[in-house]
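Dear colleague,

Please find below the structure that I am handing over to you, followed by an account of what was found in it.

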Amino acid sequence: MKPWMKRTFFGLVGASIALGGLAACGHRMGHGWGGDATPEQAAEWRGKMVDRMASKLELNADQKAKLTVLADRMHAQRMAMRGEGDPRSQVKSLVAGDKFDRAKAQALVQQKTEAVRAGSPEIIAALGDFYDSLNAEQQQKVRDFMERRRHGWGRG
């Protein structure tokens with residue numbers, strides 16, 4: 001495989017993992033507050049996440065700023081994917097009648113796909129800026145963390 005293809009592939013995989021991680025964490029975040037978090041609560045949670053990662057990776061101020069940009073872009077992407085209204089009620093409406101609403105389901109999938117397509121370049125750029133700013137030791141810590149997490153995703 002050519003080097004540029006490897007980099008592109010790993011970049012996209014990394015962005016997908018990062019988006020999935022944020023989506024999973026964002027899902028958990030609402031439960032602690034009894035539902036959806038307010039924008040202030042979400043910002044507070046992102047700040048705590050950034051602080052925790054900055055501490056574990058021993059980031060400098062510039063690296064922490066890049067991590068903050070990444071977290072903010074990922075949150076914006078999650079909100080864009082979520083769209084208007086309650087996602088659960090959107091899915092429930094597909095099976096509300098006696099027939100599955102295929103046209104509405106296709107429109108919902110297209111909406112989510114377009115949100116990913118529109119936001120992905122910003123996420124990839126922010127993730128690349130952050131990762132490229134890390135030194136070799138910090139990059140290894142990220143890889144080690146991802147390797148450990150890979151084995152635990154299926155467990156409760």
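From the N terminus on, the elements of the protein chain run α-α-α-α-α-α. The chain thus described has 6 helices and 0 strands, where helices (H or I, at least four residues) and strands (E, at least two) are DSSP runs, numbered from the N terminus. This is a predicted model, in which local features need pLDDT of at least 70 and side-chain atom pairs count only at pLDDT 80 or more, while totals for chains, interfaces and linings use all residues. Residues are numbered from 1 along each chain as its sequence is written, and side-chain values use heavy atoms, with hydrogens and water left out.

Of the 156 residues in the protein chain, 23% are buried; buried means under 20% relative accessible area, exposed over 50%, and partly exposed in between (1.4 Å probe, protein chains only). Among the contacts with a separation of 6 or more, 66% are between residues 24 or more positions apart, a contact being heavy atoms within 4.5 Å.

Helix packing

Two packed helices are described by the angle between their axes and the distance between the axes. The axes are lines fitted to C-alpha atoms, for helices over the stretch in contact, and the angles run from 0 to 180 degrees between N-to-C directions. H3 (residues 61–82) and H5 (residues 102–133) pack at an angle of about 170 degrees, with their axes 9 Å apart. H3 and H5 are therefore roughly antiparallel to each other (angles under 35 degrees count as roughly parallel, over 145 as roughly antiparallel, 65 to 115 as roughly perpendicular and the rest as oblique). Residues making this contact include Gln63, Leu67, Leu70 and Met74 of H3, and Val116, Ile123, Leu127 and Phe130 of H5. The residues of the contact of H3 with H5 comprise 12 nonpolar, 5 polar and 6 charged; here Ala, Val, Leu, Ile, Met, Phe, Trp, Tyr, Cys and Pro count as nonpolar, Asp, Glu, Lys and Arg as charged, and the others, Gly among them, as polar.

Helix H4 (residues 87–94) also packs with H5, at an angle of about 150 degrees and with the axes 9 Å apart. H4 and H5 are therefore roughly antiparallel to each other. On the H4 side, Gln90, Ser93 and Leu94 meet Lys104, Ala105, Leu108 and Lys112 of H5. These residues divide into 3 nonpolar, 2 polar and 2 charged.

In soluble globular proteins, nonpolar side chains tend to be buried together. The largest nonpolar core in the model has 14 residues, and those with the most contacts inside it are Leu57, Leu59, Leu67, Leu70, Phe130 and Leu134. Helix H2 (39–57), H3 and H5 each supply at least two residues of this core. A nonpolar core is a set of buried Ala, Val, Leu, Ile, Met, Phe, Trp, Tyr and Cys residues joined through side-chain atoms within 4.5 Å. Not counting residues up to four places away in sequence, Leu67 touches Val50, Met53, Ala54, Leu59 and Phe130.

Individual residues

Gln63 lies in H3 and is buried, with a relative accessible area of 5%. Its side chain is joined to that of Gln138 by a polar contact of 2.8 Å; a polar contact is a pair of N or O atoms within 3.5 Å, and within protein one must be able to donate a hydrogen and the other to accept it, while residues adjacent in sequence count only if both atoms are side-chain atoms. Leaving aside neighbours within four places in sequence, Gln63 is in contact with Glu58, Phe130, Ser133, Leu134, Asn135 and Gln138.

Glu58 is found in the loop between H2 and H3 and counts as exposed, at 57% relative accessibility. Most residues other than glycine have a negative phi, and most peptide bonds are trans. Glu58 has a positive phi of about 55 degrees although it is not a glycine.

Asp62, in H3, is partly exposed at 46% relative accessibility. Asp62 and Phe130 are 68 residues apart in sequence and 9.2 Å apart in space, C-alpha to C-alpha.

Arg143 belongs to helix H6 (residues 136–152) and is partly exposed, with a relative accessible area of 37%. A polar contact of 3.0 Å joins the side chains of Arg143 and Gln140.

With kind regards
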